[in-house]
Amino acid sequence: MNIQRIEEMATRMRRIILDISHSCDHSAHIGGGLSIVDIMATLYGAVMQYDSKNTTWKDRDRFILSKGHGALGYYSALAAMGTIPDEVMATFQANGSDLTSHPVMNLPLGIESSNGSLGQGLSMAVGLALAAKRKGGQYRIYVLLGNGECNEGAVWEAVMAASHLKLDNLTAIVDNNGFQNDGDSCTILDCGNVEERWASFGWNACSVNGHDIKELYRVLVDRGAKSRPKVVIADTIKGKGVSFMEDTNDWHHNRLTRKYYDLAIQEVSES
Amino acid sequence: MLEINARSARQWSRLGSRPMLGQAILSLAETTEDLMVLSADLGRSSGLSRFRNAYPDRFVNVGIAEQNMIGVAAGLAKEGFVVFATSFAPFLSMRSSEQIRMNMGYMGLNVKAVAIGSGVSMGFLGNSHYGIEDASIMRSIPNLTVVSPADCGEIVKTIFAAAKYEGPMYIRLTGEANIPIVYEEDYHFEIGKAITLREGSEITIFANGTMVYESLEAAKLLELEGLSAGVVNMHTIKPLDTSMVDKAVASSRLLVSVEEHSVIGGLGGAIAEYKTALQNAPPQLIIGLPDSFGTVGEHRYLLEKFGLTAGQIAEAIINRHDDVLS
């Protein structure tokens, strides 16, 4: 794995996120999009079996963005891979666009499922992983959740099911940025030690710096223990890459005006 | 292969809707390689024990977790499996309502959600287990097809048709053991195509589920009173077979809908929504469960309590018919 190539991809993705957030002229989920960029770049750029020109390839690894509001991180990865063309990216959050605030299933564009209602993606991922087991598919299922999303009780129904069904072809990643819509997650609903919680449900759990591509790659290619699903708790910074967006909830869903766009794009270009 | 004849109809009626579901699924498995059946810890209550024993790899008990069940079903359907997911009507249509909306409605994934014990058929289990509002809720979700079979034979027809049907579906089973028999011989069943069971010149009764039988009996009673009432088995609530409503509007002085479901938003609501745009349409009498959480008891007791037996249906129709004519 060429770390520099993935880092460059991540930088390109951050630029795309800022570009389309600005040009769409509406509020967008920028903070939670930026926090997952390095995870998405590592997955699509290095870890997943993925053919950017053949999105229906039977043996592709499946990716589900359970935290649907991370769409900017998803679209920018698919754009950087060459799956979503520039002219489609330019329609982000335009009237009638295929690219809205939350993903809408569109396999030609590489979008595997519709999301936006939190706490549902892991269940579908369990179904996909079970289907692969039943049909002998050699591909892997990746699903990305938000830490706030794990407030949803249905997440834990799926967590139990995955370990009960011994789905070792499933990797969940928690974007653990410490925030959710109303602010700091620990003050809203303290989730304690996230890694321990998943581990206590029988998952093969580990934590990683969610912005260290080398580390992300190491834990994501490792398939973990046999007969157990794997979860990677990725400690991330909401708004990562733009200093005034980092570790604040102000950019959870906000409009990127010209003034802030200019400031932001300069930082990303320099990095 | 399950064949409808006088003998099997009697046997199946004795079993009731839930064991019949299990039999239909067991039979379906013989010819459907990619079948997967999910239950939220109600495999036995859904008549699926024999299926589970015969095909352990095709059955998943997800535990008491309906929301997860629908998501898992959707993932399996996305990979090409023919998926049935079952639970009691309220747990399926309400607990996992939003999962059904996202996965089956929004994404249109090919899951068949089978609601057991709908209407007031769950007797002493009480209103927590009754399906009073499910058709109304499920019908309002885009892309969903909603079917409510009339008797055990039609449960078989529905399950086999559902397996071949591309698209998400909510199947609503009413009636318990000794469910009255509507069909004693094989017939043509097609999702979305209502079936005229009896011709009548003055009144048309639309019914589904257990109310098809009651409506047929009611029509006989009406005949004794000199009123000619037709009966249509509107097994598919959505998409509504509007051609059948058109026909009734053109020929009848009174339309009646009868369902073991709330008078709000079910079959009656669907017909009324369509009919309201038609010119010179006759009035409609909506017969169903009242908009309330009523008392609890045996199925037959409750049908009587709520005015859903043949005699009560006939009486309500006569009263309304007199009003219309006067």
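Reader: What percentage of the 326 residues in chain B do buried residues make up?

Author: This is a predicted model, in which local features need pLDDT of at least 70 and side-chain atom pairs count only at pLDDT 80 or more, while totals for chains, interfaces and linings use all residues. Residues are numbered from 1 along each chain as its sequence is written, with chains lettered from A and ligands numbered from 1 in the order in which they are written. A residue is buried if 20 or more other C-beta atoms, placed from the backbone, lie within 10 Å of its own, exposed if 12 or fewer do, and partly exposed in between. For the 326 residues in chain B, the buried share is 58%.

Reader: What is the radius of gyration of chain B?

Author: The chain has 13 helices and 12 strands, counted as DSSP runs numbered from the N terminus (helices are H or I with at least four residues, strands are E with at least two). Its C-alpha trace spans about 60 × 40 × 40 Å along the principal axes. The radius of gyration is taken over C-alpha atoms, and the globule rule is 2.2 Å times the number of residues to the power 0.38. A compact globule of 326 residues would come near 20 Å, which agrees with the value for chain B, 19 Å.

Reader: Of the contacts in chain B with a separation of 6 or more, what share is between residues 24 or more positions apart?

Author: Two residues are in contact if their C-beta atoms, placed from the backbone, lie within 7 Å. For chain B, the share of those contacts that joins residues 24 or more positions apart is 79%.

Reader: Is B:Val120 buried or exposed?

Author: B:Val120 sits in the loop between β4 (111–118) and α7 (134–139) of chain B. Beyond four places in sequence, B:Val120 is in contact with B:Tyr130, B:Glu260, B:Leu289, B:His299 and B:Leu302. There are 30 other C-beta atoms within 10 Å of B:Val120, so the residue counts as buried.

Reader: How are α2(B) and α8(B) set to each other?

Author: The axes of α2 (residues 17–31) and α8 (residues 152–164) of chain B come within 9 Å and cross at roughly 40°. Axes are lines fitted to C-alpha atoms, for helices over the stretch in contact, and angles run from 0 to 180 degrees between N-to-C directions. Angles under 35 degrees count as roughly parallel, over 145 as roughly antiparallel, 65 to 115 as roughly perpendicular and the rest as oblique. The relation of α2(B) to α8(B) is therefore oblique.

Reader: What is the radius of gyration of chain A?

Author: Chain A has 11 helices and 9 strands. For its 271 residues the globule rule gives 18 Å, so chain A is as compact as a globular protein of that length, with a radius of gyration of 17 Å.

Reader: Which helix of chain A holds A:Leu72?

Author: A:Leu72 is buried, with 29 other C-beta atoms within 10 Å. Beyond four places in sequence, A:Leu72 touches A:Ile17, A:Ser21, A:Ala28, A:His29, A:Ile30 and A:Gly33. The helix that holds A:Leu72, residues 71–80, is α4.

Reader: How many of the residues of α4(A) are buried?

Author: The cover over the buried residues of α4(A) includes α1 (3–23), β1 (27–28), α2 (31–34), α3, β2 (62–65) and α5 (86–89) of chain A. One of these, α3 (residues 37–47), packs on α4(A) at an angle of about 35°, with the axes 9 Å apart. In that pairing A:Val37, A:Met40, A:Ala41 and A:Tyr44 of α3(A) meet A:Gly73, A:Tyr74 and A:Ala77 of α4(A). The helix α4(A) is mostly covered, the buried count being 10 of its 10 residues.

Reader: Which element gives the largest share of the side of chain A that touches chain B?

Author: In all, 20 residues of chain A are in contact with 21 residues of chain B. Two or more residues come from each of α6 (121–135) and α7 (153–164) of chain A. By class, this side has 11 nonpolar, 6 polar and 3 charged residues. The largest share, 10 residues, comes from α6(A).

Technical notes: Ala, Val, Leu, Ile, Met, Phe, Trp, Tyr, Cys and Pro count as nonpolar, Asp, Glu, Lys and Arg as charged, and the others, Gly among them, as polar.
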